[in-house]
Structure formats: C-alpha cells, structure tokens
Amino acid sequence: MSKQSKRLEALVYHAKPTPGKIKVVPTKKYATQRDLSLAYSPGVAEPCLEIAKDVENVYKYTAKGNLVAVISNGTAVLGLGNIGPEASKPVMEGKGLLFKIFADIDVFDIEVDTEDIEAFIATVKNIAPTFGGINLEDIKAPEAFEIERRLKEELDIPVMHDDQHGTAIISAAALLNALEIAEKKIDEVKIVVSGAGAAAISCTRLYQAFGAKRENIVMLDSKGVIRDDRTSLTSEKAEFATHRKIDTLDEAMLNADVFVGLSQPDIVTPNMLLSMAANPIVFAMANPNPEIQYQLAVDTRDDIIMATGRSDHPNQVNNVLGFPFIFRGALDVRATKINEAMKMAAVKALSDLAKESVPEQVNIAYAETKLTFGKDYIIPKPFDPRLIAVVPPAVAKAAMESGVAKEPIEDWDRYKNSLLERLGSDNKLVRMLMGRAKTNPKRVVFAEADQLDVLKAAQIAYDEGIAHPILLGRKKVILELMAEIEFIADDVAIIDPKSDKETKRKNRYAKAYWEKRKRQGVTIYSAEKVMRERNYFAAMMVNVGDADALITGYSRNYPSVVRPMLELIGMADGVTRVATTNVMMTQRGPMFLSDTSINIDPSAKDLAKIARMTSRVSKMFGIEPVTAMISYSNFGSSENPRAEKVREAVAYLHKAHPEMIVDGELQTDFALNQKMLQDIFPFSKLAGRKVNTLIFPNLDSANITYKLLKELNNAESIGPIMMGMRKPVHILQLGASVDEIVNMTAIAVIDAQEREKRMPKLA
Ligand SMILES: NC(=O)C1=CN([C@@H]2O[C@H](COP(=O)(O)OP(=O)(O)OC[C@H]3O[C@@H](n4cnc5c(N)ncnc54)[C@H](OP(=O)(O)O)[C@@H]3O)[C@@H](O)[C@H]2O)C=CC1
Ligand SMILES: CC(=O)C(=O)O
Ligand SMILES: [Mg+2]
C-alpha cells in the first residue's frame, strides 16, 4: 500500500462510520419507567446519600473504580511535538481503546487547553473525584515532571505519566532481557540516551534502579551532549550530566553497548552503529518514526539487538504493553499510588514472561512459526493473552506489600480467573484467523473482483499477506477500480472469463466441465460457452488446481450461487449434505450457529452430521466445541415429532460419537445459562460447561436467530462458512461488507491449508 493510501486509510478509519474511536455505553437496564426511576431520580438519590455518608461508597455505587482519565495538553504528542489539545485527541482516544481491549478499563479522554503548570494541576485535581486513576499523556518535559510529582502528592488515586513510567517499565524489561542475551551486565554497560525529555529521564532513572551506573551514561538533548559544564540545565537533566569531554552523538556512540532513543527520527547513522561495541543493543523508540529505521539497523550489523516503538517489526518496545495492565492491577487493589515497587514488579513480570514458552495462539496472531526468547523476541507481544493474568497480579501484590493498597486481594486464583474473564474473545478470534492465514497464504480466486468491496477485500488480503488473490471479472472495470483505490500489485492475475485470451486455459476448463457433465446433456461446445460465466470459470480453476480456494456470492442471492457450486464442485467424499455455520461474536464469546443457510428441514441424521461438521470448524478456530442441540423442548418434555427429531439426533451422536460434548434437546435459555442447566438438568453432558455451539432444528430458526443477533445486538458474524464441499469454496452473503469478505478470505485460506494438512478437515 502506498504512503498516500495508508494516510487515507488512517483518516477513513477515524472518520467512518462514526467519527472517533470510543463511546459511552450504559451498563444497567433502562427499558422501563421503573428502570429509569432507579437509574435517575428518585432512585439515584439513595446511592448519593450513601456516598455522602462515606465517600468510599463511591466505589460501590458508581463506575469510578474502573474509570481512568487519559489527560493531555497536547504539548509532546508522540514525536509530533506541541500540536495542541485538539490534535492530541486521536491519541488519547486510542489509549482509551487500548485500555478497554487489553484490560477492560473504561476511559474518558480529556484534552486540556493550557500549558500553565498550575492551571493544569488545578484542572486535574478538580475532576479527580470522577476517576479511579489518572493517566497523564504526551505532556512535554520539564513541565511533565512537576505536574506528575504534584498530582501524585496531592491526590489519593494512582497517577502515572505514561510516557515516563510506562515507557520506563517496558524498556527496562526489554533491556534486562537484551543484556541477558548479549551476555552483558547492567552495571558495566555504557549507555547512550538520546533525548532528555519525559520518557528519556524516567527510563534512565529506572535503569539506574536496576543497577546501571550513572558514570556509564551519556544523555543528549536537542542541543547535544548534556555535559556538566553546560549552563542552565534543568534539575532533571543535571542529574545525568557527564564530565566526559564529548559533544556529539557520534562521539557518544563510540564503543557504547546500549543506545536508547526517545527523541527524534533518523538521527542515528549506520556508521554510528558500526562504532558501537559488540552485540550492541539499540532501542530506537521515537514514534511514529524511530531514531534509525529497523531494516537499516539490522542490515548494518548482524550482532545487533534491535527494538523500536512500532508494531510492524520484531521487539516492539512501546508503553501499550504496560499501561493497561499496570492500571488494572492498581485499580483492583484500589492503590493510592503507582510506586517504585509496583513499577519494578511490572518490569520483572514482563521480562520473565518473555522467557516462557509462547502459546500457539500468539504465534498465530503474529504469523510466526515459533516465537522463542532471543534477539528477535526480547519482550512479550501486546496481544499475548497471558499478560492480563500475569502483570496486574504482580502490580497488585507489590501495591499490597508496599502498603498502598486500600482493598487487598485475598483469593489470587479467583482474581486471575476474573482477569481472564474480562477479555472478550471476538477480536482475538479474527486476529487468530488472520495470523493463521498469513502463515501459508493460498491462491484465492475472487469471482466478482469488479465489485468495489470485493476488490477492496482482495487488496487487504494481498497487503496483509493473507492470500494471493486472482481477480475475475470485467478487466477494464477492475483496472479502473484498482487505480482508484491504489491497489498496486504487479503479481496479481486479472482474468476476464468473457474475453480470456488464453484459449489453452479456457479449453482445459471447458474440458474439465464437459468431463463432469457429459452425461447430463453438456457438449464440449456448450461447455466452452459456459466457461464465459465467471462462477463456472472460477469453479473450474479450483477444480483443476489453478486456484486453491474460491470466494463468490457478493452480488447474488445465496441459493442461486450454492446450486451451481454444488453442481460444479460437489461434496467431499462421504458427505451427503453441505451446511453452513456462522460464528457470532457475542458478549459471552464466540458462538457457532448451524445450519444458517442451506438445509430447510434437516432430518435427525442430517442434524447429527451438521453438528459433527460444525465441531470440526470450531476446532479449526482453536475452540473445543460444547454443543447444544436446540429445540423448543427440554429432554423429552414434548412428544411432538419436531422435538423427537432433535432427540434422535442426540441419541445417534451419543452412541456413535461418545467423545463429543453434545446434548439436547434443549431450549436456548437452558443451553446458555449454566446455572439454570446445572440446577434443573444436572444429568446433562452440558451441565457445568459453557455451551459455544448451537445446532438448530431447521433453517428458519437458525437463520432468524443469527440475523436477529446481528441486527439487534450488533454481534459481528463470520460466515456463513460452507461445510462439506469437495474444495474450499466460500459463498458470501448478498452485499457482504469488506471486513466480512476479508474474514471469509482468511477462512478460505485456512480451509485450503487444513485440507493440505489433511487434518482436521473442514469437509
Ligand atoms: N516507544 C514508546 O513507548 C514511547 C516513545 N516515546 C517517544 O519518545 C519521544 C520523546 O517523547 P517525550 O519524552 O514524551 O517528549 P519530550 O518533549 O518530553 O522530550 C523530547 C526530548 O527529545 C529531545 N530532542 C529533540 N531533538 C533531539 C535530537 N536531535 N537529539 C537528541 N534529543 C533531541 C528534546 O530535547 P530538549 O530537551 O533540548 O528540547 C527533549 O529532551 C517521542 O518521539 C515519543 O513518541 C515516548 C513515550 C513512549
Ligand atoms: C507511545 C507513546 O506514548 C508516545 O509515543 O508518546
Ligand atoms: Mg505518549
């Protein structure tokens, strides 16, 4: 993707469909007059009075305890400088998003229009009663030091300037690990710090707390090396002034072991790197552009241990790895501070975690074969699901031990479980899909590539390395649209079946089709004619092995595409029914719903097969299926043949596949409410388990339910995923969105990968 289209993508992402990145969502019922009289006047007066009696009750009756203010005045926004409060808002909203997705913390972002220290402090103090914690952000030094120091002193909730301490914690963890890999000692290494602002000063202080020696440190600001003979240094800069008679970064880098950049882009040259000691450690953390580009650095020296603040290279040393989890731990014990002990505990937890074996889902999410502790993996990845269960408990424990916790935790196992529960798994699932697809991208033919949304999805799949797209459709239209969306890809085939010049290829496809249908009235001549139709052409591409998977159906209704696909591609060996499943991203996690699109009134045997096929798909997503066979009846409560059918399917599955965790017939509320099921039907195979798969008795109920969930609950859906076909063919819903098409492309690729591996098969 070109620079310009990346820019546009970022702008559209922020502008559409709703401007901005976060919104406020009620957590209580508000449907009836009674609800409203509780939510607001008169009911609301009761908690007000309780809080007035004892102010600590504010944590009991309001959202304060889980609410953090992300506050900036826009004076040092990323590395973009003093761009003002409004211009800092996208970053602050972004932090809100990260707080929420990584640690389930709610955020109000607050942009304050003042550069005056006293006015800023007064503003934060005045609004502090609303919040459980204060994250100061992108405030320039030296003002940031005074602001944070005073607020910490004067408030009794945790205050942290993240550019200082978040960065310090993450980079210290990375530094300890990098030193271990380089086999160097922290109290011996020579460290160059470029930048003497909020981030740089705090990072260096923390390295000192871990043993770095002041005499081994050289710090630089915009004017050069901070020497002790320089006049008018701030007290923070004076702390690191060196007596060495050097003036430039070039001189400072000579024989240095470690470079820490928290300053400006592109100020480090390859020659500087070459002059460093053996196994140099380089953390170029300026955002969005580092002090030296990652690739240039690793191309310059083989022995370098290189990190940046960016997510597109190995070793992202960025405070995103810290603030959500540090505040989570602090809020959960109602800490009054974030102190040195808590920071050091976070460092230790992060550096230790990087040395443990990495769960497969992290490898998949980052399209890595096997992440292992070493030069390219010195610090955990932000999407590592273990972070939430490791860092907050370490921080909380340190808060308790250092005497700043007002609400100590007693049951640590329970606390860890509650932390894991906090994270929804919807995005994780999509991430996992993308990651898995990227490990071995396949050739996917897009039969309707002359439709803008399909083409956009193909572009994303191409740019992200999910698939090698083959674009089918009117060539002229495709080329025009590609130019419009800046889809630049010389290695992507564009084929117009209507005017395909490669007669050899066309003849091959026609012959393959004729072979299949010659006893059903198809002549070689009619076969050649049929090949002008894109779906036939695409299907034959997959059949003869010129493509690995097929995506179609965007502009046609579902059955009108399923029929020819069945005819052209057919069902997998041993399969007598195809069916579809939809993965719905619900609040209780992903739910598989089948059959959502094909079988109008499946028999008991069909239902059992649908359940089996759905189980295979959920395993492909890394989810162990727990399946409820849904009905309006519970375990024989109705004699009606409709309920009887579901019972029969369950009996068959219990007998033929006792290993499956499946039961029914069951009403939906019992299937989804673990307690109800356990209390009333404790004998069920599902009792005490969290159901994640619902097999519906007919198409009406499945299709209606999935569309209801999608529209009423805004639940995102992946699917319909086609099960039982002989080849990876996936059919889109009429008018699917770009995201839905991208997801389906990833599914198609994984489907092809699975077939290649031959187990577990989708079909
Ligand atoms: N990866 C991460 O997680 C994080 C990265 N950062 C990045 O670090 C950088 C600094 O942020 P922050 O500390 O908040 O900002 P500040 O404004 O507080 O500090 C910037 C510092 O950079 C110094 N500087 C400017 N130009 C040069 C130069 N050519 N050589 C050496 N030093 C220079 C300034 O010098 P002077 O004092 O003379 O003005 C100042 O000390 C930004 O790029 C930011 O994106 C920040 C936080 C986290
Ligand atoms: C990451 C961050 O906080 C910064 O660059 O300012
Ligand atoms: Mg910042």
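Author: In residues 19-152 the end C-alpha atoms lie 34 Å apart, and the span is 45% helix and 12% strand. The model is predicted: local features need pLDDT of at least 70, side-chain atom pairs count only at pLDDT 80 or more, and totals for chains, interfaces and linings use all residues. Residues are numbered from 1 along each chain as its sequence is written, while chains are lettered from A and ligands numbered from 1 in the order in which they are written.

Reader: What feature does UniProt place at residues 19-152?

Author: An unreviewed UniProt entry gives "domain: Malic enzyme N-terminal" for residues 19-152; such annotations may be inferred rather than shown by experiment.

Reader: How do you know that Val395 is in contact with other residues?

Author: Contact requires C-beta atoms, placed from the backbone, within 7 Å. Leaving aside neighbours within four places in sequence, Val395 is in contact with Ile326, Gly329, Ala330, Met342, Ala345 and Ala346.

Reader: Which class of residue is found in the shell around ligand 1, and in what numbers?

Author: The shell has 13 nonpolar, 12 polar and four charged residues. Ala, Val, Leu, Ile, Met, Phe, Trp, Tyr, Cys and Pro count as nonpolar, Asp, Glu, Lys and Arg as charged, and the others as polar; Gly is therefore polar.

Reader: Which residues come nearest to ligand 1?

Author: Of the 29 residues around ligand 1 (C-beta atom, placed from the backbone, within 6 Å of it), Gly79, Gly197, Ser222, Asn287 and Gly309 come nearest.

How values were computed: Two residues are in contact if their C-beta atoms, placed from the backbone, lie within 7 Å. Helices (H or I, at least four residues) and strands (E, at least two) are DSSP runs, numbered from the N terminus.
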